[in-house]
Amino acid sequence: GTNEGSPYQDQLVTEIANGTAPDVFWIPGTDIARFQKEGLILDLAPLAAETDFDVSAFYPEPMYHLTFDPEAGAPGDKLWGLPRDVSTFALYLNMDLISKAGVDDPRELAKEGKWDWAAFEKTAAAVAKTGGANKGFGVNSWWANYGYFMNSAGGGFFNEDRTECNLDDPKSIEGLRYMKSLYDNKLGVPFGEDAEPPFLAGTVGMFMNGRWATPGTRTGAKFNWDVVELPTGPGGTQGNWLFWGAYVVNANTEHPAEAWKLVQELTSAETQSAISELGANIPSRQSDAAIDAFLGYTPPENNQAFINGLQDSPTAEGPLWAGDWPTFDTAMNDAVTAVINGTRTIEDYEAKVCDETAAAFNS
């Protein structure tokens, strides 16, 4: 439809209840548990058992959740869908602005192992100093963007088994504090504003987004551009995400066999290759042939940046099987936004945020 973000999932839930939803639809990885718990999607394992389906053909992180058995609390003989694609974040670069700012090429710094928070901040500051409407960087205000800074510092949203909040961990706080400092120093597009339009207009040096931003950049950018992997933080990695979403089958479908066949066709190597060439997707099949083909789908020239993200211990996007992701997401986003925009102290956030998100684990 025309909805972006969580209203898309809410609309699907309403359509399923009304009997007007499609037989097959796509949902983000974060929502698999929600749709499964509410009985909205079909377990495809019995149908898959009648075919030569191979779980290992896909990246293991999505398949962990797509084969998760809630009763066992671990992956088992379940199949809730198949992953359409995967992605990581990269920084989309306005090379004309970066050249004008007189700083080192981030792509070269990354090759030399010198692309870290300090180099990122130096680049952002130099671009911002070129004046006018120019800003050093831009990110959009949803969970993955501030989550990058937490992950990169060595923290994250949850404890290891994803049963408790970890937002008040010192390393998570370090990441959020650093992100806030960038905005306090006026280096970024104001948090809460869509950073993509000013990037495409040529006034943002670095724009953090996933592979899905490539088609719009191909058609909208009138400047020299490319991508680079995210800078390494104090935690020793990029702190990147492995994003994914899945094609799932409506639990009320009258055509389960046909729907399963469609899901298989939509995630076949041939289909994934054709769609990836359009720019928005990285194949969810983890073969060397799929990666080699993806690297040739230019621009951008430096597609290796996305693959480097996949190979640098990214945190997998995933549902809360032991909680409710939408509840956690809403409470967390409100708290983080208040800190970054200066309406709440980080000390108050640190003291209270896990209490404020606790309802997500009591659902």
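Colleague: Leaving aside its neighbours within four places in sequence, which residues is Glu-193 in contact with?

Modeller: Val-139 and Asn-140 are what Glu-193 is in contact with, once the neighbours within four places in sequence are set aside. Contact here means heavy atoms within 4.5 Å. Before we go on, this is a predicted model, where local features need pLDDT of at least 70 and side-chain atom pairs count only at pLDDT 80 or more, while totals for chains, interfaces and linings use all residues. Residues are numbered from 1 along each chain as its sequence is written, and side-chain values use heavy atoms, with hydrogens and water left out.

Colleague: Okay. Where does Glu-193 lie?

Modeller: Glu-193 is in the loop between helix 9 and helix 10. Helices are DSSP runs of H or I with at least four residues, strands are runs of E with at least two, and both are numbered from the N terminus.

Colleague: And what is the relative accessible area of Glu-193?

Modeller: It's 44%, so Glu-193 is partly exposed. The scale is buried under 20% relative accessible area, exposed over 50%, and partly exposed in between, using a 1.4 Å probe and protein chains only.

Colleague: How far is Glu-193 from Asp-312, C-alpha to C-alpha?

Modeller: Those C-alpha atoms are separated by 29 Å, and the two residues are 119 apart along the chain.

Colleague: Backbone next. Which peptide bond from Thr-298 is cis, and what's its omega?

Modeller: The one to Pro-299, with omega near -5 degrees. Another cis peptide bond joins Pro-299 and Pro-300, with omega about 5 degrees. Pro-299 is in the loop between helix 14 (288–295) and helix 15 (304–310), and Pro-300 is in the loop between helix 14 and helix 15 too.

Colleague: What about phi at Lys-186?

Modeller: Lys-186 is not a glycine, but its phi is positive, about 60 degrees. Most residues other than glycine have a negative phi, and most peptide bonds are trans. Lys-186 is in the loop between helix 9 (170–184) and helix 10 (196–200). Its relative accessibility is 59%, so Lys-186 counts as exposed.

Colleague: And what's phi at Ser-313?

Modeller: Positive again, about 50 degrees, and Ser-313 is not a glycine. Ser-313 sits in the loop between helix 15 and strand 11 (315–316). With a relative accessible area of 59%, Ser-313 is exposed.

Colleague: Switching to packing. At what angle do helix 9 and helix 16 pack?

Modeller: About 45 degrees, with the axes of helix 9 and helix 16 (residues 325–340) 9 Å apart. That makes helix 9 oblique to helix 16. The axes are lines fitted to C-alpha atoms, for helices over the stretch in contact, and angles run from 0 to 180 degrees between N-to-C directions. Under 35 degrees counts as roughly parallel, over 145 as roughly antiparallel, 65 to 115 as roughly perpendicular, and the rest as oblique.

Colleague: Which residues of helix 9 meet helix 16?

Modeller: Leu-176, Met-179, Lys-180 and Tyr-183, and they meet Val-336, Val-339 and Ile-340 in helix 16. By class, this contact has six nonpolar residues, no polar and one charged. Ala, Val, Leu, Ile, Met, Phe, Trp, Tyr, Cys and Pro count as nonpolar, Asp, Glu, Lys and Arg as charged, and the others, Gly among them, as polar.

Colleague: Now the holes. What volume does the largest cavity have?

Modeller: About 50 Å³. On a 1 Å grid over the protein atoms alone, a cavity is a set of points where a 1.4 Å probe fits but cannot get out, and lining residues have an atom within 4 Å of a point. Grid points are joined across faces, edges and corners, and a volume is the space filled by probe spheres set on the points.

Colleague: What lines the largest cavity?

Modeller: Among them are Leu-91, Phe-120, Phe-137, Val-139 and Tyr-148. The lining divides into nine nonpolar, one polar and no charged. Strand 6 (135–138), helix 8 and strand 7 (204–209) each supply at least two of its residues.

Colleague: And the second largest cavity, what's its volume?

Modeller: About 40 Å³. Helix 13 gives the largest share of the lining of the second largest cavity, three residues. That lining has four nonpolar, three polar and two charged residues.

How values were computed
1 Å grid on protein atoms, 1.4 Å probe; cavity = no way out; pocket = protein on both sides within 12 Å on 5 of 7 lines; lining within 4 Å.
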